[in-house]
Amino acid sequence: LLYFLNTVYKAVPNYGVSIIILTIIIKAMLFPLTRKSQLSMFRMQQLQPMISQLKEKYKHDKQRQGKEQVQLFKKYRVNPMSGCLQLPVFIALFRTLQLSFEMRQAPFTLWINDLSRPDTLLYLTFSIPFIGNALNILPLIMTGASFAQMKIMPKATATDSQARTQQKMMSFMPFMFAFILYHMPSGLTIYWTTSTILSIIESILIRKSTKKIKF
């Protein structure tokens, strides 16, 4: 990934732009997996009534319930783990940017003049708990994009208290990422923000195709 990033940099001598181009290329390469993952999520959403029936029918036999659920997934070509296939690639890119020596003192544009440091626009006259007094813009943009992404992503209907609790926890994930990335190098935040915005575009395109899918 670092070799790929440096190759892009030779064509476009700006590491910030190179990160965006590299992210677009990787997202395009992984789009078939993304589409498969989101179609599985859509089918899972449609299967919720059947899954609820299985849980009620075999509520005293968890082993049988699991087997019947697996058979249901096979019948309707649902793979609950398909979204995990992309995770190693994005972790690798995240680590590449985090440890890359090339980012040091590399400017991007406007107020971002060092991709190895946070994109601080200005310093406030007061301090915010856990954040400090630095106003970093990209993490705020990323948080807004993450909420937009959550709104358009397909969601399975919560059928029990555990599922509802998990959904509530997921709704706080954008805030968690904002805190994690707030003081991270701006090169990482550019990657994450670009990836999130591209994911929104992907979800819109995939959602249009799911309207044609029927069981």
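Mentor: We will go from the overall layout to single residues and their partners. Please keep in mind that this is a predicted model, in which local features need pLDDT of at least 70 and side-chain atom pairs count only at pLDDT 80 or more, while totals for chains, interfaces and linings use all residues. Residues are numbered from 1 along each chain as its sequence is written, and side-chain values use heavy atoms, with hydrogens and water left out.

Trainee: Okay, what does the secondary structure of the chain come to?

Mentor: The chain has eight helices and two strands, where helices (H or I, at least four residues) and strands (E, at least two) are DSSP runs numbered from the N terminus. Read from the N terminus, the order of the elements is α-α-α-α-β-β-α-α-α-α.

Trainee: And how many of the residues count as buried?

Mentor: Of the 215 residues of the chain, 39% are buried; buried means under 20% relative accessible area, exposed means over 50%, and partly exposed is in between, with a 1.4 Å probe and protein chains only. The chain exposes about 13,200 Å², and carbon and sulfur atoms supply 65% of that area, which comes from the Shrake-Rupley method with a 1.4 Å probe, where for residues only the protein chains shown count as cover.

Trainee: What else is in α7?

Mentor: F179 lies there too, in the helix made of residues 173-181, and F179 is partly exposed at a relative accessible area of 45%. Together with F130, F172 and F175, F179 makes a nonpolar surface patch of about 520 Å². Patches are made of residues with over 30% relative accessible area and no salt bridge, with like charges joined within 9 Å and nonpolar side chains (Val, Leu, Ile, Met, Phe, Trp, Tyr) within 5 Å.

Trainee: Switching topic, how many salt bridges does the count come to?

Mentor: The count comes to one salt bridge, meaning a side-chain nitrogen of Lys or Arg within 4 Å of a carboxyl oxygen of Asp or Glu. The side chains of E202 and K27 meet in it, at 3.4 Å from N to O. E202 lies in helix α8 (residues 186-210) and K27 in helix α2 (residues 15-57), so the pair ties together parts that are 175 residues apart in sequence.

Trainee: Are those two buried or exposed?

Mentor: E202 is buried, and K27 is buried as well.

Trainee: Then how many aromatic pairs are found?

Mentor: A search of the whole structure finds two, where rings of Phe, Tyr and Trp (its six-membered ring) pair if their centres lie within 6.5 Å, and planes under 30 degrees apart count as stacked, over 60 as edge-to-face and the rest as tilted. Y9 and Y15 form a stacked pair, 3.9 Å centre to centre with 5 degrees between the planes. Y191 and W192 form an edge-to-face pair, 5.9 Å centre to centre with 85 degrees between the planes.

Trainee: How covered is Y191?

Mentor: Y191 is buried, with a relative accessible area of 1%, whereas W192 is partly exposed at 22%. Y191 is found in helix α8, and its C-alpha is separated by 10.0 Å from that of V17, 174 residues apart along the chain.

Trainee: Last one: what does S18 touch?

Mentor: Leaving aside neighbours within four places in sequence, S18 is in contact with L5, V8, Y9 and V12, where contact means heavy atoms within 4.5 Å. S18 sits in helix α2 and counts as buried, at 0% relative accessibility.
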